[in-house]
Amino acid sequence: MATFSFFASLLISIFLVHLCLYHGVESVDDQLISTHREALEIIIGGGGVNSPPAPPPEYEECPPPPPPPCPPSPSPSPPTPPPSLPPSPPPSPPPSPPTPPPSLPPSPPPLPPSPPPSPPPLPPSPPPLPPPKRKSPPRPPPKRKSRPPPTPPAPYPFESQRIELAYHVFQNFRPLITSDPKHIAKSWQGPHVCKYKGVVCAMHPTYKQKAVAGLDINGALFGGDNAKLPLDGFLDKLEDLAFFHANSNNFTGSVPKDVSKLKFFYELDLSNNKLIGGFPNEVLAATNLTFLDLRFNYFAGSVTPEVFKLDVDVLFLNNNNFNQKIPDNLGSSPAHYFTFANNKFTGPIPRSIGQACKTLYEVLFLGNKLTGCLPYEIGYLNQATVFDVSSNLLTGPIPHSFSCLAKIEYLNLASNRFYGPVPEQVCTLSNLGNFSLANNYFTEVGPECRKLMKKKLLDVRQNCILGEPNQKTKAQCNAFFSKPRKCPNEKEMTYVPCKRYLRSNEKKPEHQKQASAPLSYGSLVRHRL
């Protein structure tokens, strides 16, 4: 490559000399020009073998330029093509031999062409560059960790929003139960509330979705820490309840006030618990209530007259500590079953009881401190099957109006201070299957009543009936009758509102042997109903 650069430089120098010769010598004659051209041709390499050597030029006005310095050895550029020389004119015919000039000193022989100067030593080439590292193909950008697709929302675990509300109530109440011998509360886990033990679900009439309509935990025997298990936050928070049966547990405190907000509430059984306070007036606002059972608790005080305005079928208040008088509006209640038994009620039985003639089936006043005489209005209870006033302080004769109790099956006047003869017409009641007059001061029974005695349907033990066994002593009877006895409504004692008289030609009814067990007597047992 360096040799090539040198020759290129030489050609450029010769070209420059040629230009100088071409343009600078105009006065020389053609022969001299021709000689110059031949000499130039010899230098360039032109002319034939037989051509005489051209004489050296007489004038050298343009000395040859110094050789150009070697260019630095960068990476070699492609060689520049030599410039094109102007075409030389065609050679003239050989001249005739010139006339010999006057003798001149001989010209020195032409110098042999100087050898081309040796190119300067090239600088040492730099060490070869290491081959460029092969660029590895660019790494693809790191894959972004794609986020997992969002987890679809879990399906709604509850059957309805009303069920979800009840679920939270159960979960809040369950930790309060420290005694669960029947493992009922243990089942109150998970979203399937309708499968909890004791829970009854139904379609809500307003929201048109499933709701907890009732809870039956009768006999569950729940207990709480330190013998405390309140109903607050449980009974009143189950907003869709229609009935709540919690017989035989250990609930304490009082009835929650917000029970009145239970719109569809119609049955409340809190019997056989440890509830205290006065009559729970909160239940009075539950206008749909048809069943109210508060027996076997520790309620005390009076019973408000508003109770008998409730549209209930059942009113069980027995076995508490209620006292004072039974309200005078007793008969205005539409209840079919009354149990006032085993409290501390005083005073007489209200005369308004006769107003319940179409609705009252069973009534229990036993085990109180009732006084006075029986009102004849009791005879209007022509739908009644059970009437029990035993174990009180009642007195006077049996009203003849009792012969109008056409459907009566259980009639119990035992353990009072009744006296006088037993009305025969009462003993002819066809459905009478259990008639107890024991432990009173009756003095006489007629033939119809003796028939019942023989069938063991009438009990007259511990009275003052002459000639009958198991009677009070004569001294006991004399002591009782030594004091004057009189009812304020004496004339009414013989009044028969149904005008039922046994005629001589009327067929005497056959008494049934045993009356069927009435519902209200079951209320006198703690764990029944």
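**View 1. Asn-439 counts as partly exposed, at 33% relative accessibility.** Here, buried stands for under 20% relative accessible area, exposed for over 50%, and partly exposed for what falls in between (1.4 Å probe, protein chains only). Welcome to a predicted model, in which local features need pLDDT of at least 70 and side-chain atom pairs count only at pLDDT 80 or more, while totals for chains, interfaces and linings use all residues. Residues are numbered from 1 along each chain as its sequence is written, and side-chain values use heavy atoms, with hydrogens and water left out. You will find Asn-439 in the loop between β21 and β22; helices (H or I, at least four residues) and strands (E, at least two) are DSSP runs, numbered from the N terminus. Follow the chain and Asn-439 is 25 residues from Ala-414, yet in space their C-alpha atoms are 5.8 Å apart. Setting aside residues up to four places away in sequence, Asn-439 touches Ser-415, Asn-416, Arg-461, Gln-462, Asn-463 and Lys-472, where a contact means heavy atoms within 4.5 Å.

**View 2. Asn-440 is buried, with a relative accessible area of 0%.** This residue sits in the loop between β21 (434-436) and β22 (441-444). What surrounds Asn-440? Leaving out residues up to four places away in sequence, Asn-440 touches Leu-413, Ala-414, Ser-415, Asn-416, Arg-417, Phe-418, Gln-462, Asn-463 and Lys-472. Look at the side chain of Asn-440 too: one of its polar atoms lies 3.1 Å from the backbone nitrogen of Asn-416. The backbone nitrogen of Arg-417 is 3.3 Å from a polar atom of the Asn-440 side chain.

**View 3. Ser-415 and Asn-342 each have a positive phi.** Most residues other than glycine have a negative phi. For Ser-415, phi is near 60°. Ser-415 belongs to the loop between β19 (410-412) and β20 (417-421), and it is partly exposed, with a relative accessible area of 27%. Asn-342 also has phi near 60°. Its place is the loop between β13 (337-339) and β14 (344-347), where Asn-342 counts as partly exposed at 29% relative accessibility.

**View 4. The side chains of Glu-159 and Lys-210 make a polar contact at 3.2 Å.** A polar contact is a pair of N or O atoms within 3.5 Å; within protein, one must be able to donate a hydrogen and the other to accept it, and residues adjacent in sequence count only if both atoms are side-chain atoms. Glu-159 and Lys-210 are 51 residues apart in sequence, and 6.9 Å apart in space from C-alpha to C-alpha. Look for Glu-159 in the loop between α2 (30-44) and α3. Is Glu-159 buried or partly exposed? At 44% relative accessibility, Glu-159 counts as partly exposed. Besides residues up to four places away in sequence, Glu-159 touches Cys-194 and Lys-210.

**View 5. Helix α3 (residues 161-173) spans about what its length predicts.** The expected span of a helix is 1.5 Å times one less than its number of residues. The 13 residues of α3 should therefore span 18 Å, and its end C-alpha atoms are 19 Å apart, which agrees. Buried along α3 are Arg-162, Ile-163, Ala-166, Val-169, Phe-170, Gln-171 and Phe-173. The cover over these buried residues includes β1 (177-179), β2 (199-203) and β3 (210-216).

View 6. A polar atom of the His-204 side chain lies 3.2 Å from the backbone nitrogen of Tyr-207. Not counting residues up to four places away in sequence, His-204 touches Gln-209, Ala-211, Asp-240 and Phe-264.

**View 7. The largest cavity holds about 60 Å³ of space.** On a 1 Å grid over the protein atoms alone, a cavity is a set of points where a 1.4 Å probe fits but cannot get out, and lining residues have an atom within 4 Å of a point. Grid points are joined across faces, edges and corners, and a volume is the space filled by probe spheres set on the points. The count comes to one cavity of 30 Å³ or more. Arg-162, Leu-165, Ala-166, Val-212, Lys-237, Leu-238, Glu-239 and Asp-240 line the largest cavity. Helix α3 gives the largest share of this lining, three residues.

How values were computed. On a 1 Å grid over the protein atoms alone, a cavity is a set of points where a 1.4 Å probe fits but cannot get out, and a pocket is an open set with protein on both sides within 12 Å along at least five of seven lines; lining residues have an atom within 4 Å of a point.
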